[in-house]
Amino acid sequence: MALKITVIGTGYLGATHAAAMAELGFEVLGLDIVPEKIEMLSAGRVPMYEPGLEELLKAHVAGIEGSTGRLRFTTSYAEAGAFGDVHFICVNTPQKHGEYACDMSYVDAAVESLAPCLERAALVVGKSTVPVGSADRLAQRLAELAPAGDEVELAWNPEFLREGFAVQDTLHPDRIVVGVRSEHAEKVLREVYATPMAEGSPLVVTDFPTSELVKTAANSFLATKISFINAMAEVCEAAGGDVAKLAEAIGHDDRIGAKFLRAGIGFGGGCLPKDIRAFMARAGELGADQALTFLREVDSINMRRRGHMVELARDAVGGAFLGKRVAVLGATFKPDSDDVRDSPALNVAGQIHLQGGQVTVYDPKGMDNARRVFPTLGYADSAVEAARGADVVLHLTEWREFRELDPAALAEVVSRRLILDGRNALDATTWRSAGWTYRAMGRPRA
Ligand code: UDX
């Protein structure tokens, strides 16, 4: 009999995982405690923008014409407990208010609600990003609460999906990491991931703490890489060098690699910033804080970038924002997402607004979320409208749409042809030859 799978929590991670599991051929039941989310998903609609996800969902959600019918949703833990052989926990673990540590309340609540409903053999698999030591603690809670006792087991299986590539990363993961305590748990997970493994995704089998650490270590490494190149951008600016060339040159070294070396206004989003902070907080609790003090520097280099962009813009408009119009292209923390959580772009826009600038923002997908976070900013329906009458244009999220803008057409509507590229992603030559002053972070002024 094929395994039956439940997915607890249907945000970015859970909705994608549920649809992907159905795509792999399993019967899937997705659970969320927010009824509106369940209603939307049951109708085959996704509460966020993620390329390919809605199509995948529609292909499998029961009741949709032409679907396989393998995917259903519920708000009932009793139903999930009775249905599943494998329960994936995919709820979010945000940063706690006012401190660095990770807020485990959603994961804890999921386990506390699910466990009493487990009256038959099941494997509970944590996918959420958690502080190391959580799996051990949650395994104990399961043992205390599950009526099926020993027949219920825990495993940890961190998720590495990137927003914007969530579907692809879930169906074709570059690695599958499982933290297990028994051969049985490993066997079940090998069955779940048989298809991607047959396609060549490597499987790393390890213990609980290592599997939890893999995720935070990976995100810390990525954050460090970005802050490294941003630190180089600061030095390049001081020395008259070009950080884009520098990145290209060091990227040819296989040991360094060219990816994640784009200097600019830095990283944001729901993962990297909070993960490195939660990692520092957890290391502190474990008495290993010294090992991670460098992450404080990584965080601080990153946050400096936003302030630096604001300063560049202020200098560019003559030293003060008062009475100046600033066009902001991009609000999401990265392209191909509608996510504005801890978005450097929106943070820069907000700071300029607070300093008296008249800011108009345009983003291809993030407008609704941006408006919710920063209702006092101006918003326009297109890049051209945002740029109308602008004293300076800021390119802050590298959407393809912005790379394809026609500098000559934009020149017609602005007050001054001045563009600051906060992502080092526009073609300087094209903009300059259309009469623009183009400036980027960590690169010489022409
Ligand atoms: C990240 C990890 O990549 C993923 O493996 C993990 O599961 C979740 O966290 P995501 O949050 O989707 O994924 O974003 P990512 O693609 O890593 O980008 C993070 C931020 O870094 C973005 O704001 C992006 O603009 C910025 N970035 C990325 C740079 O500033 N420069 C770069 O060279 C690359």
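This is a predicted model: local features need pLDDT of at least 70, side-chain atom pairs count only at pLDDT 80 or more; totals for chains, interfaces and linings use all residues.
**Domains**

Start by colouring the chain by domain. The assignment gives three selections: residues 4-206 for domain 1, 216-298 for domain 2 and 304-440 for domain 3. Keep domain 1 and domain 2 in view for the next stop. Their C-alpha centres are 30 Å apart.

**The interface of domain 1 and domain 2**

Select the residues in contact between these two domains. Domain 1 supplies 11 residues and domain 2 also supplies 11. Between them the two domains bury about 930 Å², and carbon and sulfur atoms account for 62% of that area.

Now show side chains on the domain 1 side. Which residues there lose the most area to domain 2? They are Q95, Y100 and V132, which together make up 52% of what the domain 1 side buries. Taken as a whole, the residues of domain 1 that touch domain 2 comprise six nonpolar, four polar and one charged.

Turn next to the polar atoms across this interface. How many salt bridges does the rule find between domain 1 and domain 2? The count is zero. Polar contacts are present, however: three residue pairs, with both residues of each pair at pLDDT 80 or more, meet the rule across the interface.

**The ligand**

The surroundings consist of 20 residues, the closest being F160, E163, R262, F333 and K334.

- E163: a backbone N or O atom is 2.7 Å from a ligand oxygen.
- K334: an N or O atom of the side chain is 2.8 Å from a ligand oxygen.
- G268: a backbone N or O atom is 3.1 Å from a ligand oxygen.

Finish with a surface on the ligand. On its own the ligand exposes 670 Å², and the protein buries 93% of that area.

Terms used
Residues are numbered from 1 along each chain as its sequence is written. Side-chain values use heavy atoms; hydrogens and water are left out. Domain bounds come from an automatic or database domain assignment. Contact means heavy atoms within 4.5 Å. Buried area is the accessible area (1.4 Å probe) that two parts lose on being put together, summed over both. A salt bridge is a side-chain nitrogen of Lys or Arg within 4 Å of a carboxyl oxygen of Asp or Glu. A polar contact is a pair of N or O atoms within 3.5 Å; within protein, one must be able to donate a hydrogen and the other to accept it, and residues adjacent in sequence count only if both atoms are side-chain atoms. Ala, Val, Leu, Ile, Met, Phe, Trp, Tyr, Cys and Pro count as nonpolar, Asp, Glu, Lys and Arg as charged, and the others, Gly among them, as polar. A residue is near a molecule or strand if one of its heavy atoms lies within 4 Å of it. Accessible areas come from the Shrake-Rupley method with a 1.4 Å probe; for residues, only the protein chains shown count as cover.
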